[in-house]
Amino acid sequence: MSSDALSVRLRLAVAGFRLDVAFDVPPGITVLFGPSGSGKSTTLAALAGLVRPSEGRISLGETPWFDSALHVDVPPEARDVSLVFQSLALFPHLTAERNVEYGIARAVPAVERRDRARAMLERMRVGHVAGRLPNTFSGGEAQRVALARAFACAPRVVLLDEAFSALDRELREALGADVRAMVSELSVPAIVVTHLAREARALGDRAVSLRDGRVTASGAVHDVVSDGGA
Amino acid sequence: MCYRTALTFAPLILTFEVATLAVVVSGVLGVGLAALLARRKLPGSDVLDGIITAPMVLPPTVLGYYVLVVFGRTSPLGRAFEALTGTSIVFTLTGVVLAATIGALPLVVMSSRAALESVDPTLRSAARTLGAGPLRTFLTVEVPLASRGIMAGLMLGFARALGDFGVTLMVAGDIPGRTQTGSLAIYDAIQSNRDDDAIGMIVVMTIVAVGALFVAGKLTRASRVL
C-alpha cells in the first residue's frame, strides 16, 4: 500500500440504514459507484468526519482519522480533506475569491492567500468571477469555483459527491478533465461519487461499487463498471 | 423651568442608555444561547428554552420577585457582586439594566435561534471540511448568514427594553436621577397631574419603539427572502 493511500473500514447505522464497507483508495481517482440510497454520500460524510461511524478504522497512510478501538476521531477541520458537496455549498455571503481563500490555512499570510485563491480561480478558468457573489454564477461557474475552493487548500484527500450531476454532458466532460489533471498534479487519493456509468468510466482509475450499504465489487474501473450507463 | 426640563429629559436619556446596554448584554448572551438551542442536543434544552422565554408570559411582579431572590443583597450572587464591585444590584443602574435585559433576552434568543436554524447545515459542514473549527464556522458563516434575523431580534429587544416597567420598579425602584426610566417617569407624571411632562416622553418613546419595530419587521422579511 502506498504511504498516502486512504484505508476505509467502517460500519454505521443512520435512520435504519446500515453501512458496512471496506476498501482502499490509492492516489488517483476512485469512483464510488452505485444507485441512489446505496450509501455513497454517507460514506463520504464519514470519511470527512461529518458522520461518526459506530465502529471501524479510517486512516490516511499510517495516520488514523477514526479508530473505534483506539477511540480516535479526528474532527473534520483537522483531516486535510476537501469535500465538494452535491449542492456545492458555496458561501453565499462571500465572493468567489473569498470562498476559495476560506480553505487556505490561516497561517498563510493574507496576501499570499489571496494570490493563491486568484491563481486557482484562473486555473479553473473562472478568474473573471473572482469579485462576484455565488448568486450571480452560472451552473458551470459555480461548479468550477467549488472545485477551485476544494483544490486551493492543498488537501491530502479529495471527495466529490455527485458534483457534476446537474450539468450537461459537455460541461461534465470538461470539468472531469480538469479534475483528473488536478488530482494527478496533487497525487492524492480522490473519491468521486456518481451513479452514472459513463461518468464513472470517464473519470475513474479504480471503482468501488456499492449496493444496499455494502461493497459489491472493487478494482479497475472498466472491470467494475459496465458500459452502457447514462 | 430648568429643573422641570432636566427632570423630563433625564429619564429618557437613562432609558436609552439602559436599553442600549441591555441590547449589548442580551445580544452576546442571547446569540450564544440561541446557538446552543439551535444546534446542540443538550439534555434539558427544553427546560432552558422554557426558562429563557418565561419572562414573556410571567407577570412582572412575579419575575421581579425571582430577580430579587436570585440577585438581591442577601443572595449568594448579590453578595458576590457587591464584594466584587462595592455596589449592589438592586436599587442601582445595574438593576435597571438587569431588568431591561431580562425583558429583551427572550426576543433576542427567539429571533436569533430561528435565523441560525435557517442557515443551510451543508454550509456549516463545508466550513468544517475547509479547516474551520466550530467557533470560526459560527462566526464567519453562521452569524453573517443569520445576521438579519439576529439584528431583528436586537431591535425587538431594544424596543422591549425601552418600555420595561414592572421588573424595573421591583428590582431598581423609582429613584429620580438614578433608576427612574422613561416608563416610570411617565407613570409618576400622570399620577401627579403633570400630563405635559408625560406627553413629551410618551411621544419620543412611541416614535423610537415603533421605529425599532419597523426596522425589525423589515429585517425579518429580508432574512426570509435570503
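This report walks through a predicted model with chains A and B, starting with chain B and ending in chain A.

Residues are numbered from 1 along each chain as its sequence is written, while chains are lettered from A and ligands numbered from 1 in the order in which they are written. Because the model is predicted, local features need pLDDT of at least 70 and side-chain atom pairs count only at pLDDT 80 or more, whereas totals for chains, interfaces and linings use all residues.

Chain B has eleven helices and zero strands; helices (H or I, at least four residues) and strands (E, at least two) are DSSP runs, numbered from the N terminus. Its C-alpha trace spans about 65 × 40 × 30 Å along the principal axes. Of its 226 residues, 44% are buried, meaning that 20 or more other C-beta atoms, placed from the backbone, lie within 10 Å of the residue's own.

Where do chains A and B meet? The contact takes 16 residues from chain A and 13 residues from chain B, with two residues in contact if their C-beta atoms, placed from the backbone, lie within 7 Å. On the side of chain B that touches chain A, α6 (121-129) and α7 (134-145) of chain B each give two or more residues. The largest share, six residues, comes from α6(B).

**Two helices in chain A**

Two packed helices are described by the angle between their axes and the distance between the axes. Helices α4 (residues 139-152) and α5 (residues 169-186) of chain A have axes that come within 11 Å and cross at roughly 10 degrees. These axes are lines fitted to C-alpha atoms over the stretch in contact, with angles from 0 to 180 degrees between N-to-C directions. Therefore α4(A) and α5(A) are roughly parallel to each other, a label for angles under 35 degrees.

Here are the residues that meet:

| Helix | Residues in the contact |
|---|---|
| α4(A) | Gly140(A), Gln143(A), Leu147(A), Phe151(A) |
| α5(A) | Leu171(A), Leu175(A), Asp178(A), Val179(A), Met182(A) |

**A strand and an enclosed helix**

In strand β7 (residues 81-84) of chain A, Val81(A) and Leu83(A) point one way and Ser82(A) and Val84(A) the other way, and all are buried. β7(A) pairs with strand β8 (residues 157-161) of chain A in the parallel sense over four bridges; pairing takes at least two DSSP bridges. Val81(A) has Val157(A) as its bridge partner in β8(A).

Helix α1 (residues 40-48) of chain A has eight of its nine residues buried, so it is largely enclosed by the rest of the structure. Just after α1(A), Gly49(A) takes a positive phi of about 90 degrees.

Terms used:
Parallel < 35°, antiparallel > 145°, perpendicular 65-115°, else oblique. Buried ≥ 20, exposed ≤ 12 C-beta atoms within 10 Å, placed from the backbone.
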